[in-house]
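Please keep the structure open while reading.

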Amino acid sequence: MFDVLNSKRPKILVVGDFIVDHYIWCDCTRISPEAPVMIMKSQKEDKRLGGAGNVYANLKSLGAEVYALGLVGDDESGRFLKENLNASLLVEKNRKTPLKSRVLSHSQQVLRLDDENDFNTQLEDELIDEFKKIAKDYDAIVLSDYAKGVLTPKVTRALISHANTLNLPILVDPKGKDFSKYQNATLLTPNKKEAMQALGVEKIENLEQAIKQLKDDLGLCYSIITLSEEGIALFDDRLHIIPAKALEVYDVTGAGDSVIAMLAYALALKIDIVKACELANDAAAVVVAKVGSVSVSLDEIRNLEKASFEGKIKSKEELVKITQHQKVVFTNGCFDIMHYGHIKYLEKAKRLGDVLVVGLNSDQSIKRLKGDLRPINAEFQRACMLASMYFVDYVVIFDEDTPFELIQFLKPEILVKGADYKDKEVVGSDIVKKVELIDFEEGFSTTNIINRIVNDKKN
């Protein structure tokens, strides 16, 4: 997958409400004697791209060529955006460029102060004309609506209509109760609360029915509802739930911006929508583990996918792409009941190369080899137990009686087996450069464990 993501730099246009995020980092050591409030001592402050600007920053961090279209006021925040965006930013009289100041102490946000004036733009025709001039040069378009008066119904409908005539994916991060202005977009990314408001319900009783209704009512190609810690719900021709992958949550600021940025990046490269949602989940997981409006990179997503043990279970086709130009060590087995002997064996195998790939016999393969009473644990459970070990890089399940076809497909450099294979034929030895035999830890065996359990039960 990452070879596709790195295959080209997609060109993406971001239109919407560009905001300045102002962070004031403070230290708090006491309570004021004047009122029950904290006394904050400022340590540092910085400004970042916020709102649609955070979508822009995420796309740029992912590697896209990004251009921004929007409005600013003739003020300090507007000048900051002009200096930090590759953009066409129309200056509107009497408009305050939105500024969100956040006060943080010990990485916790304690106050937010917004400086803005919300009104719909009078420059609708100018925005639409500029969009029509440049839209054809891009692979995807993002409308980032923060309800600051840029994406009016007139502007939004005109932009979506023109993008559709160009056959360009146009993705919308929506705001408000009325989603009708987003009619015929490629997809929207509302959270659960926003979806409930748009549907006019206090609770989503049936997720599949609700998400399909949004798709049908708005004429979307794909319907999406982000589910916070539960992940992403997607409806194309059926409902998919893509589980979240967040390991630690420090700050959810900007997570939605990262989701839509990753979706736009993936769709611009014509990646399947389900895989795009999986990548978007990864992007959100990276962002919520940081503080403030931050960007996510492909390297961070790649590292997260590797860190999540379920993400280490791969098909043989994926492994061929992932392990190119690396010294691959391969071993295989049933690994039905994991024990200390397995752990030491795999740890030693990892030291022999760059990447350790473990071929795992499927349930049907084990039944043919060991009888109908085996395996004790199902193949996915066994794969997860292997993948959870830090020294196992990837796990691949095979259904044949021997790993010969898998080894032939993967062509690892080193094949590892137990020392009991000395003077025996090792399947696949004629394919690899080297066979390494590793001593097992004495006294550890799955068969012995099972026999002991059975005998203890009899006694």
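## Helix 4 and helix 5

In this predicted model, helix 4 and helix 5 (residues 153-165) pack with their axes 10 Å apart, at an angle of about 15 degrees. Because angles under 35 degrees count as roughly parallel, helix 4 is described as roughly parallel to helix 5. The crossing of helix 4 and helix 5 is right-handed.

Helix 4 contributes E124, D125, I128, F131 and K132 to the contact, and these meet K154, V155, A158, L159, H162 and A163 of helix 5. By class, the residues of this contact are 6 nonpolar, 1 polar and 4 charged.

## E124

E124 belongs to helix 4, which spans residues 124-134. Which residues does E124 touch, not counting those up to four places away in sequence? They are T152, K154 and V155. E124 and T156 are 32 residues apart along the chain, and 9.6 Å separates their C-alpha atoms.

## Helix 2 and helix 8

On the helix 2 side, the contact involves N54, V55, N58, L59 and L62. On the helix 8 side, the partners are D257, S258, I260, A261, M262, A264 and Y265. The contact of helix 2 with helix 8 has 8 nonpolar residues, 3 polar and 1 charged.

An open sheet is built from 5 strands in the order 16-15-14-17-18, with parallel pairing. Strand 16 (394-398) and strand 18 (434-438) are the edge strands, each pairing on one side only. From one strand to the next, the twist averages 25 degrees.

Strand 17 (residues 414-418) pairs with strand 18 in the parallel sense over 5 bridges. Within these strands, G418 stands opposite I438 of strand 18.

## Helix 12 on the sheet

Which strands does helix 12 (residues 340-350) lie across? They are strand 14 (328-333), strand 15 (355-361), strand 17 and strand 18. Helix 12 runs at about 140 degrees to strand 15.

Technical notes: Residues are numbered from 1 along each chain as its sequence is written. This is a predicted model: local features need pLDDT of at least 70, side-chain atom pairs count only at pLDDT 80 or more; totals for chains, interfaces and linings use all residues. Side-chain values use heavy atoms; hydrogens and water are left out. Two strands pair if DSSP finds at least two bridges between them. Helices (H or I, at least four residues) and strands (E, at least two) are DSSP runs, numbered from the N terminus. Axes are lines fitted to C-alpha atoms, for helices over the stretch in contact, and angles run from 0 to 180 degrees between N-to-C directions. Contact means heavy atoms within 4.5 Å. Angles under 35 degrees count as roughly parallel, over 145 as roughly antiparallel, 65 to 115 as roughly perpendicular and the rest as oblique. A crossing is left-handed if the near helix is turned anticlockwise from the far one by less than a right angle, and right-handed if clockwise. Ala, Val, Leu, Ile, Met, Phe, Trp, Tyr, Cys and Pro count as nonpolar, Asp, Glu, Lys and Arg as charged, and the others, Gly among them, as polar.
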